[in-house]
Every structure is written in C-alpha cells, then in structure tokens.
Amino acid sequence: MRHNFIDRYALLDSPLHILEPRTKLLAFTAMIVAVLCIPVRSGSLFVAYFFVTAILMGISQIPLNYMVGRTLVILPFIVLASLAVPWKGYLGLGILFVRAILCLMLLILLTNTTRFVELLRGLRRLGCPQILVLNLGFLYRYLFVLTEESMRMKQARDCRRVGRAPLREEFRILSSMLGTLLIRSFERAERMHYAMLSRGYSGEFPVVSPKRFSWHDLVFLSGVTIFIALTVLWH
Amino acid sequence: MHIPDGFLTNRIAASLDVVSGAGILYAARRAKVDLSGRIVPVMGVLAAFVFAAQMINFPVLGGTSGHLIGGALLAILLGPMAAFLTMATVVIAQALFLQDGGLVALGANIFNIGALTCFGGYAVYRLLGGGSARGKRMLLAGFLAGWASLIVSSACCALQMSLSGAIPLRIGLTTMVGYHTVVGIFEGMLTAGVLSFLLKVRPDLMKLNDLGRFGAADWVGATLFVAIPAAILVLAGSSRLPDPLERLLAITPLLSGGTEPAKLNSTARYLDYLVRAGVFVLLVLLGFVASLLGRHRRRRP
Amino acid sequence: MDDMSEYAVRITRLNYTYPDGTRALEGIDLDVSPGERIAVVGPSGAGKSTLLLHLNGVLSGTGSVRIMGKSLEQSNLQQIRRQVGLLFQDPNDQLFCPTVFEDIAFGPLNLGVPAAEIPHRVEKALSDAGLDQSIRSRTSHHLSLGERRRVSLATVLAMDPAVLGMDEPTSNLDPRNRRHLIEILSGLKATLILATHDLELVLECCSRTVLMDRGKIWSDGETRSMLSNAQLMEAHGLEVPLSLRKAVVGG
C-alpha cells in the first residue's frame with residue numbers, strides 16, 4: 001500500500017501552491033459549482049471553462065499523466081451512465097462526461113496544490129465544525145501508523161500461510177486481523193487521551209494559525225470572481 | 001459507491017449537502033456534551049482505521065474485490081451518532097485524498113455511506129435485539145445489520161443518480177443493488193466476524209457508549225433524518241407525483257437532455273413496484289430470521 | 001489540605017485497582033525531593049507505568065498524591081498538569097497533531113500561554129530537546145524513532161514542568177540516539193522519575209532507585225548498592241547490570 005497519495009505534489013512551487021488555503025477552497029468550490037450550473041445547451045461556456053481549467057492545470061506543475069490517471073475514479077460511473085444512451089443519446093453522455101471531468105480536474109487542483117494540514121486550517125477558518133477538522137487531522141496523522149501495522153500483520157500472516165485456506169478460514173483470519181487492528185486502535189486512542197490530558201487537554205482544542213493573506217490571493221480570487229460573473233452574464 | 005461531481009442534479013446534490021451538513025452540525029454539538037473529551041481521540045483513530053481497512057481488499061467472485069465499509073460495525077460499537085461523524089470524516093478524507101467522490105456530491109456521499117449505513121445498520125441491529133443479546137443472536141444481528149446497510153446505501157445511491165437522469169433507473173438499480181447485495185454478504189460476515197473476535201478478546205469494548213444515550217427522541221430524529229430524503233426521492237419518482245414537482249424535475253439540465261416526463265412515469269411506476277416488492281422481500285426475510293431465532297431459543301434448555 | 005513540606009512529590013499509601021479488578025498498586029509510599037532523580041525499576045507488569053499515570057491525576061486511586069505540596073483533586077488537575085510532565089513509552093501516542101509545531105504548541109496553548117509567546121516556547125523546547133528548528137513544519141510520521149522520542153520530550157518540556165515522569169525513555173533507541181537522549185536528560189533541571197528497564201541508564205543518571213514488583217515497592221535506596229544485590233535483583237525478575245557484575249567478579 002502506497003502512502004504517497006497524500007501531499008504527493010503539495011510541496012511543489014507554483015503560483016497555485018503559494019496561495020492561502022482559504023483562497024483555493026473558495027475559488028475552486030465556486031468554479032465547480034459554476035461548472036455544474038452551466039446550462040446543457042451552451043457549448044461555448046463549456047469551452048471557456050475548459051480553457052481556464054487547462055490553464056490552471058498547466059501552471060500548477062502537476063504532471064499531466066497523473067491528472068489523467070485520476071480520471072479512472074469516475075470510470076465505473078461513466079460505464080453505468082453509458083447504459084442510459086438509448087434515452088439520452090450520445091450527446092447527453094458526452095455532456096455528462098465533460099462536466100464530470102472538469103469538476104474532477106478542479107478538485108485535483110484544489111487538493112494537490114495544498115498540503116493537507118493547510119487544507120484543514122483553511123477549512124477551520126471557513127467555519128467547518130472543529131470536531132470534523134480534528135477527526136480529519138487524526139485520520140491523517142494515524143493513517144500511516146495503522147497502515148504500517150496492517151502491513152506488518154499481513155506479512156506475518158503471509159509468512160505462516162501455506163497455500164490457500166478454505167473461504168471460511170480466510171474470513172476468520174481477515175476478521176481477526178481487522179479485529180486486532182480495531183482493538184489496537186482503541187488502545188491507542190486511550191493512550192492518546194492520556195497524553196492529551198497530561199498536556200492540559202480539557203475538551204477544547206486550541207488553534208493557532210498565522211494569517212497569511214497576500215496580494216496573490218486577492219488577485220486570484222478577483223480573477224475567478226470576474227470570470228464566473230462574466231460567464232453568468234453571458235448566458 | 002462514491003458519486004463524482006456531475007452525476008447528480010444540482011437540486012438533489014444541494015439538498016443532500018444541506019441534510020448532511022445539518023446532521024454533522026447536530027452530531028458535532030452532541031460531541032461537545034462528552035466533557036472528558038474521550039470520544040474525540042476514539043473517533044479520530046477509528047476514522048483512520050476505517051480508511052485503512054477500506055483499502056484492504058479481499059477477492060469477491062474471482063476478479064472483482066470488495067472491502068469492509070464499516071458503518072454498521074462502527075455504529076454497533078460507538079453508537080450511531082459518533083459512528084456517523086467518523087464515517088463522514090472518512091468520506092471527506094476519501095474525496096480530498098483520492099478524489100473518490102466529488103465536492104458538491106459530498107453531501108450525498110456522506111448521506112449514503114455515513115448516515116444510511118450507520119443509522120440503518122444500527123436500526124436493524126437494535127430491532128433484531130442486538131443491543132441486549134449475546135452470542136449467536138448478537139452475531140446474526142450484526143451480520144444482518146452489515147448486509148442491510150450496504151443494500152440500503154447502494155439503493156439510495158442508484159436512486160439519486162437515476163433520478164438525476166445520469167443512469168437508467170432499472171439497470172442502474174439492478175446492477176448497483178445487485179452487486180452490493182452480494183458484497184453486502186461479506187460486509188455482514190466481516191461485521192459479525194469482528195464482533196465475535198471482540199467478544200472473545202476484549203468484551204469490554206462492546207459496552208463503549210454513544211455520545212450520551214441514544215434515547216427515544218434520537219430515534220425519532222434519526223428516522224426523520226433518513227426517511228425524509230428517502231421519501232422525497234421515492235415520491236419524486238412515483239407516479240403520484242404532483243404536476244409542479246414533475247415539471248421541476250423535467251427542467252433540470254440533464255433530464256432535459258433526453259428523458260421526457262412520459263418515460264419518467266413508466267420507469268417511476270416500475271420503481272413503485274420495485275420498492276413495494278423490496279419491502280415485501282425484506283419483511284419475509286425478517287420473518288424467516290425471527291422464526292429461526294425463535295426455534296433456536298426454544299431448543300435451548 | 002495543603003502540605004507545606006519541601007517535597008516535590010509525596011505519595012502516601014496509594015492503592016489502585018483496574019476496572020476489571022486487577023490490583024495494580026498496593027500501599028505505595030514515595031517521597032521525592034525537588035531536583036532529585038530517581039529511577040523506578042522492576043519486571044514488566046510491576047506497575048511502573050501505572051504509578052506514573054497517578055502523578056498528574058490521569059489515573060486516581062485511593063491514598064494521597066501531593067505535587068509541590070498540593071494534593072491532587074478534581075478541581076486542581078489543570079494546575080497540577082502545568083507542573084508535572086509525562087513522557088509516554090510510544091511517541092506515536094503523544095504526537096497526534098498534523099505537524100511537530102502544533103504538537104509542541106498543544107501543551108502551552110492549553111495552559112493559556114498567549115499566542116504571541118508560542119513560537120518562542122516551541123523554539124526553546126526544540127533546542128532543549130536537542131532538535132533542529134527546521135523540524136517544526138514536518139509531520140511526525142516522517143521522523144525517525146529517535147527524533148520522535150525527542151519531539152515527544154519537547155512537547156512535554158514546552159510546558160516547563162517542575163516534575164518529569166518518563167516511561168522507558170531509551171527503549172528501542174540505537175546507541176547514538178540513546179547517548180544523545182542521556183545527554184539531554186543530564187541537562188534537565190526538573191525533578192526526574194524514570195521508569196525503565198535500562199539499568200545502565202539508571203546507574204548513569206539516578207542516584208536513588210525504587211524497586212517495584214507486583215504493585216508494591218520492595219526496596220528504595222542508593223542505586224549502586226541496590227542494583228549490585230544479586231539476590232534482590234533476581235528475586236524480582238531483574239539482573240545485576242553488566243557493568244556492576246564485572247566489578248563484583250573483579251572485586
């Protein structure tokens with residue numbers, strides 16, 4: 001299991017990377033919503049958004065083959081959607097495909113130009129409930145610990161395996177692996193709680209994050225706003 | 001099962017965003033009541049556990065592979081409220097890390113994979129007496145909870161997409177629900193398997209409490225939370241649809257692409273039939289199971 | 001009732017039983033003077049870690065625990081936790097924030113240290129723990145075990161505690177990291193209570209040792225003489241450390 005799906009390209013140095021996370025969260029969400037609101041008939045708007053997205057992809061310095069590779073995620077849904085062709089026609093399928101790809105690219109741009117911890121800080125300051133941000137932080141922090149543990153368990157099991165066991169046995173083994181991982185998670189959570197208490201935790205999580213809005217953010221946000229406003233007016 | 005952006009109409013996506021958002025805010029408020037703050041690290045680490053566990057694939061029907069979703073299991077261990085928050089965390093993380101599921105579609109995905117599995121699974125578990133039973137009966141309740149959670153979740157997912165006009169109703173429902181009915185058996189077995197393991201090794205973990213008690217008011221709230229959107233979806237497809245709403249659906253972008261209201265009606269009638277048939281089958285199943293359990297009970301001295 | 005004594009830590013007749021009924025601590029009496037460094041040794045399961053958890057009220061049993069003269073009560077636990085720092089055995093349990101900076105800042109922030117002062121505290125804690133400032137923005141899972149150990153120490157030092165409890169600080173460390181940690185420990189001014197299996201560490205750092213086994217204290221006194229008492233050591237599942245054995249054999 002590879003760990004590099006997180007923050008893989010987040011440490012690059014592009015004009016998008018240096019933007020404040022709140023800026024990116026707001027801007028890209030707005031773009032995605034805008035794309036989803038493009039009326040079906042207006043092909044020119046799709047083209048406009050396509051160009052802007054392509055430009056953003058270019059300046060982000062994220063490898064193109066990586067981004068294209070990510071489109072595999074929506075493949076099963078495209079396949080399902082293609083079954084609707086008798087009712088919707090190929091045009092309908094095509095439009096669906098374009099919308100989905102555009103939104104996906106925008107999402108990739110958002111998440112891959114920002115370190116996850118920065119993203120969390122941005123979410124918090126945009127008003128996301130603290131407990132959600134905390135959970136996401138813990139998930140991020142402990143994912144690696146847990147995957148390492150599960151890898152080690154899997155290796156230990158593989159060392160003791162001879163051939164394939166009957167299905168029932170496989171299930172028992174998988175259940176006990178998951179169960180052990182679960183128990184260890186609970187125990188870790190308990191020890192973590194002790195450590196938190198020892199450092200003065202009393203139920204609230206204090207936050208300190210420096211304000212880092214700069215003129216870059218202003219320029220980017222205004223650019224996006226103007227673009228979206230123009231496209232809305234055009235229609 | 002994580003719906004990407006573009007496959008739902010804006011209305012459906014937005015309304016589910018609102019519903020899920022409200023659910024999260026409410027659960028977050030309940031979390032604050034837990035003054036020792038102990039539930040916070042538990043939810044966090046378990047979120048990592050679920051995420052990691054979902055990446056462990058096991059072979060299903062030679063070729064495809066499935067993984068444990070874990071919503072029902074978490075709900076049984078932590079109570080549905082904390083489980084819902086945890087699953088919501090996982091869904092959001094999957095969207096941000098893996099782009100598995102869209103941004104605007106987050107509400108729908110949280111609802112399907114978070115709310116429906118947790119509340120639905122928990123409901124099945126409690127209704128089958130899982131709360132107070134031990135041994136085989138509890139495991140059976142766990143199995144059915146896990147299984148049901150996937151069926152309900154995938155059905156809703158398919159419904160959302162077909163009513164958005166993205167996928168055809170009959171085929172979409174059949175394939176998604178059909179696939180998840182089979183995979184759901186594994187979910188059920190793993191849920192029961194893990195519960196059984198815990199019973200042997202750490203039975204004290206089975207008594208972990210919810211964020212506060214899950215009382216009658218919560219049951220009502222949870223039912224409404226799950227039932228109202230489900231009802232809206234079903235009604236939207238039903239032939240008893242009042243005209244204005246029908247026209248509303250007809251003018252959303254994707255639907256105007258090809259599906260005419262007339263066609264919607266015929267597929268909607270099929271949906272009606274399907275829902276009734278499904279409920280009937282579920283009742284028969286529950287009855288069968290109940291009689292099995294009854295016989296099992298009577299046979300013990 | 002406050003005790004105006006000069007002890008940093010005063011434990012009297014402490015008993016603790018786990019929820020499942022196992023008796024973890026029985027009749028523990030322990031007095032530690034300010035600035036003293038004591039070691040708590042004993043076989044696994046003796047109750048060393050459990051004892052440490054009583055120092056700041058994470059666990060509370062019957063009997064009394066006094067830190068700097070103040071008796072531990074529900075109402076003053078926050079105060080106590082300012083003065084007592086605990087270093088846990090597994091750094092992964094202590095490093096739960098997304099970045100090192102946030103982990104180290106966590107303690108001071110909870111204590112109400114103003115936001116403007118936090119960066120300074122973090123900087124000082126990092127240098128006290130022998131770490132480079134550049135480690136601030138990294139995530140703990142990218143660090144080596146030695147670095148994680150020291151970051152954990154930094155998270156505790158950032159709160160400037162008067163009493164430091166440590167659970168197996170040198171476990172799993174390679175020789176170089178172990179040496180580095182011992183150097184850091186030697187430079188600390190706080191009262192030190194080290195629970196450890198590393199008897200050479202004990203010989204180097206602690207003039208006084210307490211021997212625990214099965215929840216009770218069996219011996220409390222000068223380190224060298226206790227650790228060279230082969231009969232006592234073996235009776236409680238320990239061995240005379242190598243460096244002392246050579247001395248015994250030679251002498």
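This is a predicted model: local features need pLDDT of at least 70, side-chain atom pairs count only at pLDDT 80 or more; totals for chains, interfaces and linings use all residues.

Biologist: Over how many bridges do the strands β1 and β4 of chain C pair, and in which sense?

Modeller: The two strands are β1, residues 9–17, and β4, residues 62–67, both of chain C. The pairing runs in the antiparallel sense, over 5 bridges.

Biologist: Which strands stand at the edges of the sheet they belong to?

Modeller: That's an open sheet of 4 strands with antiparallel pairing, in the order β2-β1-β4-β5 of chain C. An edge strand here pairs on one side only. That gives β2 (23–32) and β5 (70–71) of chain C.

Biologist: Now the open sheet of 6 strands in chain C; why is one side of β6 and of β10 left without a neighbour?

Modeller: The order is β6-β7-β8-β3-β9-β10, and the pairing is mixed. β6 (84–87) and β10 (216–222) of chain C sit at the edges, so one side of each has no neighbour in the sheet: each has a single partner strand.

Biologist: And by how much are neighbouring strands of this sheet turned against each other on average?

Modeller: Ignore direction for this one.

Biologist: What is the bridge partner of V40(C) in β9(C)?

Modeller: Strand β3 (residues 37–41) and strand β9 (residues 208–213) of chain C pair in the parallel sense, over 4 bridges. In β9(C), the partner of V40(C) is V210(C).

Biologist: Which helix packs on that sheet, touching β6 and β7 of chain C?

Modeller: Its direction makes about 170° with that of β6(C). The strand β7 that it also touches covers 163–167. The helix, residues 145–157 of chain C, is α6.

Biologist: Let's move to the contacts between chains: which element gives the largest share of the side of chain A that touches chain C?

Modeller: 21 residues of chain A are in contact with 26 residues of chain C. Elements giving two or more residues to chain A's side are α6 (116–125), α7 (130–159) and α8 (167–198). That side divides into 13 nonpolar, 4 polar and 4 charged residues. The largest share, 7 residues, comes from α8(A).

Biologist: Last one: does K136(B) count as buried or exposed?

Modeller: K136(B) is in helix α6 (residues 136–163) of chain B. K136(B) has 12 inside 10 Å, so it counts as exposed.

Conventions:
Residues are numbered from 1 along each chain as its sequence is written. Chains are lettered from A and ligands numbered from 1 in the order in which they are written. Two residues are in contact if their C-beta atoms, placed from the backbone, lie within 7 Å. Ala, Val, Leu, Ile, Met, Phe, Trp, Tyr, Cys and Pro count as nonpolar, Asp, Glu, Lys and Arg as charged, and the others, Gly among them, as polar. Two strands pair if DSSP finds at least two bridges between them. A residue is buried if 20 or more other C-beta atoms lie within 10 Å of its own, exposed if 12 or fewer, and partly exposed in between; C-beta atoms are placed from the backbone. Axes are lines fitted to C-alpha atoms, for helices over the stretch in contact, and angles run from 0 to 180 degrees between N-to-C directions.
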